[in-house]
Amino acid sequence: MNCSIHNAEFAGSSDFTSVICVDRPSAGESRHVPSVAKALIHLRFDYHSAIFERDAADLIIKDGNGGVIILDNFFAVGDQPLPAFETMDGVVVPATEFLLVFDSGFDLSIAKAHAPPSGGTRYENDAGELSGGIDLLADLRTGSWNDEYGMESAGYAAFTPLPAEPGHAVAFLTDSPLSLALVEQVDQSSGFTSASRPLAITDSGYDLPELTLRFSLANASYLVTAANTAQRPMVIAGEHGELETFFDGSNFIVDYTLDARSETLAEGSVVKDLDGLTFTAVDPAGNAAPPQAITVTIIGTNDAPTAYAISTSITEQRNPAIAGYASVSGNLATQGHADDVDLGAQLTFDFPNRTGVFGEITSFNPI
């Protein structure tokens with residue numbers, strides 16, 4: 001989405017004073033982006049492989065390509081709320097939850113502002129456009145920069161950093177992995193098989209809708225909140241289907257549904273999908289539950305092979321007593337007249353009726 005259009009959507013918002021769009025840095029690039037309190041930091045790239053660090057008042061985002069983004073004075077907000085983050089999927093998460101999901105010990109304390117870097121440094125303004133020099137930065141750090149996008153409000157006070165509270169604890173009701181088992185269906189006319197489970201989470205100080213879930217798989221991380229999954233589930237694609245996570249009004253739910261790729265599984269085969277997937281939950285106070293595993297087990301079934309119509313022709317011999325009767329032959333397997341979606345399936349062929357009106361099948365070698 002164009003950042004100017006996106007910015008206009010929040011004009012007059014009681015939650016945000018502006019939208020700061022941040023694009024992925026180029027390989028090896030070091031880019032400074034001015035930050036202000038109560039802003040929405042719109043990350044317009046896949047941040048899952050990025051590393052988030054703090055340097056005094058600045059927030060450092062190190063991308064997997066070696067590029068670096070410095071959100072100048074991110075933590076120098078005084079008594080105002082820290083900026084929030086918006087992902088490419090439209091998930092809006094407070095900084096107090098977003099950063100703690102990546103590091104439960106992330107330092108969220110407020111810092112004093114520092115002077116902007118010397119001239120010549122590359123900057124992005126709120127519209128995601130690059131601009132040079134320091135004069136613009138002086139304007140960006142004044143209240144007049146915010147006035148263009150709406151009145152300030154205290155409605156975003158819930159995003160103020162809070163220290164972890166020892167009296168609160170977020171935990172899972174069971175220490176065992178959450179298991180989803182599915183059997184591939186032979187007939188998918190009514191849809192593919194799915195399995196669903198609620199996530200058994202408890203928090204002594206907060207309600208479930210206030211929690212942020214983090215799913216981790218390989219080097220990727222996925223954030224889930226109740227508010228954003230009410231509009232659309234969070235989806236993680238596997239090798240044989242997709243895992244969706246959403247909040248149904250009472251619980252966070254995970255639902256795995258097979259897709260057409262699962263039809264290749266042979267009868268009796270057992271495979272794991274999304275192997276290594278874990279999730280944890282973080283509350284607004286910074287308390288996090290230990291990571292818990294999710295296992296997805298799929299059992300294959302025997303899908304029926306498909307045979308295709310064969311059309312051939314033969315010309316009658318004028319003198320069959322001398323030349324013999326005309327015949328035609330072919331290989332049913334190698335000529336694509338049948339197949340089986342199950343990997344490794346061995347096909348055999350047969351004819352229930354070998355005698356026709358004008359001839360017959362005189363020889364047949366099953367494969």
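The protein chain shows about 18900 Å² of accessible surface, and 52% of that belongs to carbon and sulfur atoms. Accessible areas here come from the Shrake-Rupley method with a 1.4 Å probe, and for residues only the protein chains shown count as cover. Keep in mind that this is a predicted model, where local features need pLDDT of at least 70 and side-chain atom pairs count only at pLDDT 80 or more, while totals for chains, interfaces and linings use all residues. Residues are numbered from 1 along each chain as its sequence is written, and side-chain values use heavy atoms, leaving out hydrogens and water.

Let's start with the overall build. The protein chain has 6 helices and 24 strands; these are DSSP runs numbered from the N terminus, with helices (H or I) of at least four residues and strands (E) of at least two. Of its 367 residues, 43% count as buried. Buried means under 20% relative accessible area, exposed means over 50%, and partly exposed is in between (1.4 Å probe, protein chains only). As for contacts between residues at least 6 apart in sequence, 63% join residues at least 24 apart, a contact being heavy atoms within 4.5 Å.

Now for the charged pairs. Side chains of opposite charge can pair when their charged atoms come close. The structure holds 6 salt bridges, each one a side-chain nitrogen of Lys or Arg within 4 Å of a carboxyl oxygen of Asp or Glu.

One of them joins Asp 23 and Arg 44, at 2.8 Å from N to O. Asp 23 sits in the loop between β1 (18-22) and β2 (30-34), and Arg 44 in the loop between β3 (39-43) and β4 (51-55), so this pair ties together parts that are 21 residues apart in sequence. Asp 23 is partly exposed at 24% relative accessibility, and Arg 44 is partly exposed at 25%.

Arg 31 and Glu 29 also meet in a salt bridge, at 3.1 Å from N to O. Here Arg 31 is buried, with 4% relative accessibility, and Glu 29 is buried too, with 11%. Asp 259 and Arg 261 make another salt bridge, at 2.7 Å from N to O, and Arg 261 is partly exposed at 38%.

Finally, look at the surface. Val 183, Val 270 and Ile 299 form a nonpolar patch there, with about 240 Å² of accessible area together. Patches are made of residues with over 30% relative accessible area and no salt bridge, joining like charges within 9 Å and nonpolar side chains (Val, Leu, Ile, Met, Phe, Trp, Tyr) within 5 Å. Val 270 lies in strand β20 (residues 270-273) and is exposed, with a relative accessible area of 54%.
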